Amino acid sequence: METKSASTKKASAKKTVKTPTKSNAKTPAKKDAAKNLSDLFEDSLKDIYWAEKALTKALPKMQKNATDPKLKKAIGDHLEETKEQIKRLEACFKALKKKPQAKKCDAMQGLLDEGKSIMEETKSGAVRDAGIIAASQKVEHYEIATYGTLAAYAKVLKEKECLKQLISTLDEEKNCNNLLTKIADTNLNSKAING
């Protein structure tokens, strides 16, 4: 049996209306905000184009800091793949009749900054190699998510040339991630236990 005060509390709780706070308020769109999927697709291409170009500058530093021969080779191979991926993005812009344009990718900048910090905070050898793999896989996962989303957009937008280019890159990113997992699992992480 409910008491009078319990039912009064329930009634007043139902009447409580939350007022918007800064954390749950709607974010106003910028003037140049995407108005449709085509705009969002183009903006996202600009983002990943910047990201891939930034990655071509970061990979040689990671390769130089790696000590495991398989890891050094994987990073070098992926640098060459990344250069090809940039060309694919440029082909995608061309298919859209747009000039290739880069827009700073805050997500990639954060991942690359974290990778740099990991190298600064680890001693050269197996520990740093394990850290480089962790940082690299975070980048790969971001790229896999991005290229998967872009491919889905391209499919809906019937941008067949872009879809072909994006799927090729998505496959490479997945393969790179799998290779990094194998390198880490083949004794590298175990070596890092004692430094």
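## Charged side chains in a predicted model

Glu84 counts as partly exposed, at 38% relative accessibility, where buried stands for under 20% relative accessible area, exposed for over 50% and partly exposed for what lies in between (1.4 Å probe, protein chains only). This is a predicted model, in which local features need pLDDT of at least 70 and side-chain atom pairs count only at pLDDT 80 or more, while totals for chains, interfaces and linings use all residues. Residues are numbered from 1 along each chain as its sequence is written, and side-chain values use heavy atoms, with hydrogens and water left out.

The structure holds 8 salt bridges, a salt bridge being a side-chain nitrogen of Lys or Arg within 4 Å of a carboxyl oxygen of Asp or Glu.

| Salt bridge | Closest N and O atoms |
|---|---|
| Lys46 and Glu42 | 3.7 Å |
| Asp77 and Lys73 | 2.8 Å |
| Lys87 and Glu84 | 3.4 Å |

Lys46 and Glu42 are 4 residues apart in helix H2, so about one helical turn separates them; helices (H or I, at least four residues) are DSSP runs, numbered from the N terminus. Lys46 is buried, with a relative accessible area of 14%, and Glu42 also counts as buried, at 17% relative accessibility.

In helix H3 (residues 69-95), Asp77 and Lys73 lie 4 residues apart, about one turn of the helix. Here Asp77 is partly exposed, with a relative accessible area of 39%, whereas Lys73 is exposed, with 53%. Lys87 and Glu84 are 3 residues apart in helix H3, and about one helical turn separates them.

Definitions and conventions
Helix = DSSP H or I, 4+ residues; strand = E, 2+ residues; numbered from the N terminus.
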